[in-house]
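The sequence and the structure come before the notes.

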Amino acid sequence: MTDHYENVKVQHGQINPNGEEAEEEDDNEEQVPVSSPSVCASPDPIITTPGTDASTSSNVGKRNCKSGVKAVGDDENSSGNPNSNFPWPVVPPYTMKNFNSPGSGQQALKIKGLGRILQGESESNGNYPSKTIQASCKDGFGFSRRPVTVDSSKAKTSLKALKLCIKRLKWKEFPLGRRAPCDIYWHGVSFHDNENIVSGLVNKFPGMVEMLRKINLSRAMRTMQELFPEEYNFYPRSWILPEEYRQFSAQIRLLKEKDTTMNTTFIVKPDGGSQGDGIYLIRDPSDLKPMVGSQAKQAVVQEYIPKPLLIDKLKFDIRLYVLIKSLEPLEIYIAKEGLTRFCTEPYEEPSQKNLSHVFMHLTNYSLNVHSGNFVHSDSQSTGSKRTLSSVLYRLAAKGVDIKWVWSDIIALVIKTSIAVVPELKVYYQADIPPGKPGPTCFQILGFDILLTKNLKPVLLEVNASPSMRIEHEQEVAPGVFEYVPSPVDKEVKVDVIRDTLRLMDPLNKDSTPPQLKAGEFEHGEEIPVDSESQGRSPDENLPSLCLKQVYPKYSKEFNYLRLVERITALFIRFLGVKDNMRLGPTAFRTFIRTCKLNNSNFTMASVDVLYINITRRRSCAIPDSREAGMGLQAFVEAFFYLAGRRFKFLVLKEQVVSLLSLCEAQLGPPSSVEDRRSLSCSRALPRAARTQTLCLPDAQSTSGSAAPLLLPH
C-alpha cells in the first residue's frame, strides 16, 4: 500500500461484535484492486445527473482498477475481524456533496455490522416517496383506521417471516383465507396460486415465473445485448439448447482453431431447473450430456466465469432482494442488506480434473448445505451463509471502493429489469386486461450476482420466487432433522418483507405509485421526492425502510435503454380483442399495412413469408408450445429485420429508433378502442395517466446521445 494510503486519517464507526479470525497470508490467491482513498463505502451509487458540478463527478464513468495497485487478498494485514479498529479514509466535503442533497450538511458514513449496508445516519438523496409510510393503526391526523388485512393461506415457505411482519405492523392476518376480499394476498410461488382475485394487491406478477426461466431471460438479455452491447456486458454469453447447438459447436471450434491454448469452460443449466438441480460444467460441446425427456431438452449453456472474487479462498455469490413495486410506471427498490452464499471447497480454476466438484464451483445453498464442510453459524460474518454487509465490510477494510461496487450492482439491477419488463406487460394485459376486475401486483425478486476478481458484477440468474424461509434444516440427532432458526436469514428476509408491506400499504394514500404528468415520462424526467421525509417512519417503533428506491430515481440515466418497451406497445396495440399473447397472420399484416411498411420491394407476400419463417422456427424451438402465432420475442425479431431492410446504413439501435418513429407517426394517438386496451399495471392510476405512460422516451432521447450512461463498467 502506498505512503499516501498509510498516512490517511481514519475514523471509527460502530462495529459488528461478531468477529472473524485474521487469516494467514496466501501468496497464490488473486487480489482485488483497491480504491481511491477519497471515497468511502456507502450504498449510494455513483451516478451523476445533469446539473451536477463537474468537480464532484470527474471520476464518474471510469474505474480506478487499472492503476497498478494490488488488490485485496487474504493477507495478515487485512483482518476480517469487525471488532478491530476499522480504517476509514476521511471523506472530503466535496465528495460527500456528491451523494447528499444541497443543504443537508455533511454526514458521517459508518458501517453497522448487524444493520444496514454502510448506512449513514440519514439519507437525503431521494430514496423513498416524498410522503411517509403510515404503518400504525392511526392515520397522519391521529384518527383510528382499520388494520390492513392479509391473506396468508398460500404463503408457503415465507409464512413464518410474513407472520412476524404482520404482527409487527399490527395488521390482521387470515391464515385460512376468507370469503370477503383482503387488502393483500401473499402467494408463495406464482400469481395463479389463488384464483379469482378481483381486488387488492398480490405479491406476484402474472408471467414472472415464465419470464425468468433461464431460456426466456437469456433471450431477453440477448435482445438488449444486440441493441446495447456495452451496457449489457454483465450477462455471460449464452446459447439455447438444443435450438442453437450447431451455432455453439461452430463458434467454439472456430475459437479453438484461432487459439489452440484456449480452455474455456461452460456451465449448462436446465431451463426448468432450480436449486442447482441438473447444472454441470463442460470444456467442449461434445461433453454435453444426452438429452432425455421433454424437460431436459431445454437448457442454456453459458460461459463460466473462471476468476471470481474469493473470500477465505472460497467462491461466493450475492443474493440481492429487489422489489418491483409497479410496472407502469416502473418502480424498483433494492434491499440495503442481502445474503452471500459460499462454496464449501477451496476454489481452483476449472480443469478437466475438478469439473465435477460442485462444492467448489457452484454457490447454490441447496447444494452446499449437503457438504460435510457446510457451516451453520449464528454470526452474520462467518459460516457458509453470511450477510452482504459483513462481506462488504471486509472488502472496504482492505481498500475496495464499495461505492463503485454498489454503483455497478444498481446499474445491473435496473438494466435487467428493463430487459424483462416488456414481456411482463404482455403477460399482465392477458391476465388482467384493462376493464377487467383484477388486483394490483408487486413482487420481490432474488438477483444472484457474482463478483469477479476485478470487482465487476456478473448476473447469474434472477429468481422469481426466492426463498424467504428464516430457518434451516439441521440434524438434531442421528437421522433426526428439524428446522431451527437461522439468524442470518431472519435478519435479512424479515426486514425485506416488512418494508415491502409498508411500501404497498393500501390504506396509506401516500404509498401508491407516483402519478406522472403528461409528457413527463417522455422526456425522461425524474419524479421529484422530498429529501427531508424519505425513509422515515411515523411509528417511532419501526426503523427506516431497508428498501432503497433506484428507479425512477435514476431514470435519466437509463430511460434511453427502454426501446423494446416501445416495440411492445406496438405489439399490444395489434393483439386484437381476445386478450391473448400472440399475433395471428392477419394482425401482423394489419400492422404492416397500418404503418405503411410494405412497398414494391417488400410485398405482402414477402410479409407472409417473414411471418411463417419466424413463427415456424420459434414453434420448432419450443415443441411443447400450446399457442400458435407470433409472440413478443418473435415480433421483436421481425421488427429488427424490418428496421434493417428500411435503414440499411445505420447501426441496429439507430435502425430500430428510426422505424419506431415512423410507426408511431403513422399510428398517431390511440383511438378509443385502443385506449381501452392500453396497458396499465397499476390500478391506482387514472385512465388518462395510463394512456400517457404508454409513451416511452422519444426517438431523439433514445438514440443514446441524449442520456448517456454515466455509471462505470
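**Charges over rings**

The charged end of lysine 385 sits over the ring of tyrosine 365, 3.9 Å from the ring centre. A charge counts as over a ring if NZ of Lys or CZ of Arg is within 6 Å of the ring centre and within 35 degrees of the ring normal. Lysine 289 lies over the face of tyrosine 280, at 4.4 Å from the ring centre. This is a predicted model, in which local features need pLDDT of at least 70 and side-chain atom pairs count only at pLDDT 80 or more, while totals for chains, interfaces and linings use all residues. Residues are numbered from 1 along each chain as its sequence is written, and side-chain values use heavy atoms, with hydrogens and water left out.

**Salt bridges**

- The structure holds 27 salt bridges, each defined as a side-chain nitrogen of Lys or Arg within 4 Å of a carboxyl oxygen of Asp or Glu.
- Lysine 214 forms one of them with glutamate 461, the closest N and O atoms being 3.6 Å apart.
- Helices (H or I, at least four residues) and strands (E, at least two) are DSSP runs, numbered from the N terminus.
- Lysine 214 and glutamate 461 are both buried; buried means under 20% relative accessible area, exposed over 50%, and partly exposed in between, with a 1.4 Å probe and protein chains only.
- Aspartate 448 forms a salt bridge with arginine 319, with 2.6 Å between the closest N and O atoms.
- That pair links distant parts of the chain, with aspartate 448 in strand β15 (residues 443-451) and arginine 319 in strand β10 (residues 314-327), 129 residues apart.
- Aspartate 448 is buried at a relative accessible area of 5%, and arginine 319 is buried at 7%.
- Glutamate 471 forms a salt bridge with arginine 469, the closest N and O atoms being 3.2 Å apart. Glutamate 471 is buried, at 10% relative accessible area, whereas arginine 469 is partly exposed at 22%.
- Salt bridges with shared partners join Asp317, Arg319, Arg341 and Asp448 into one network.

**Aromatic pairs**

- A search of the whole structure finds 16 aromatic pairs. Rings of Phe, Tyr and Trp (its six-membered ring) pair if their centres lie within 6.5 Å; planes under 30 degrees apart count as stacked, over 60 as edge-to-face and the rest as tilted.
- The ring centres of phenylalanine 574 and phenylalanine 591 are 5.6 Å apart and the planes are at 75 degrees, so the pair is edge-to-face.
- Phenylalanine 574 is in the loop between α14 (563-573) and α15 (585-594), and phenylalanine 591 is in helix α15, 17 residues apart.
- Phenylalanine 574 and phenylalanine 591 are buried.
- One aromatic cluster is formed by Phe571, Phe574, Phe588, Phe591, Tyr611, Phe635 and Phe639.

**Strand β6**

- Five of the five residues of strand β6 (residues 266-270) are buried, so β6 is largely enclosed by the rest of the structure.
- In a regular strand the side chains alternate between the two faces of the sheet.
- Phe266, Val268 and Pro270 point one way from β6, and Ile267 and Lys269 point the other way.
- β6 pairs in the antiparallel sense with strand β7 (residues 280-282) over three bridges, where pairing requires that DSSP finds at least two bridges between two strands. Isoleucine 267 stands opposite leucine 281 in β7.
- β6 also pairs in the antiparallel sense with strand β8 (residues 299-303), over five bridges. Proline 270 stands opposite alanine 299 in β8.
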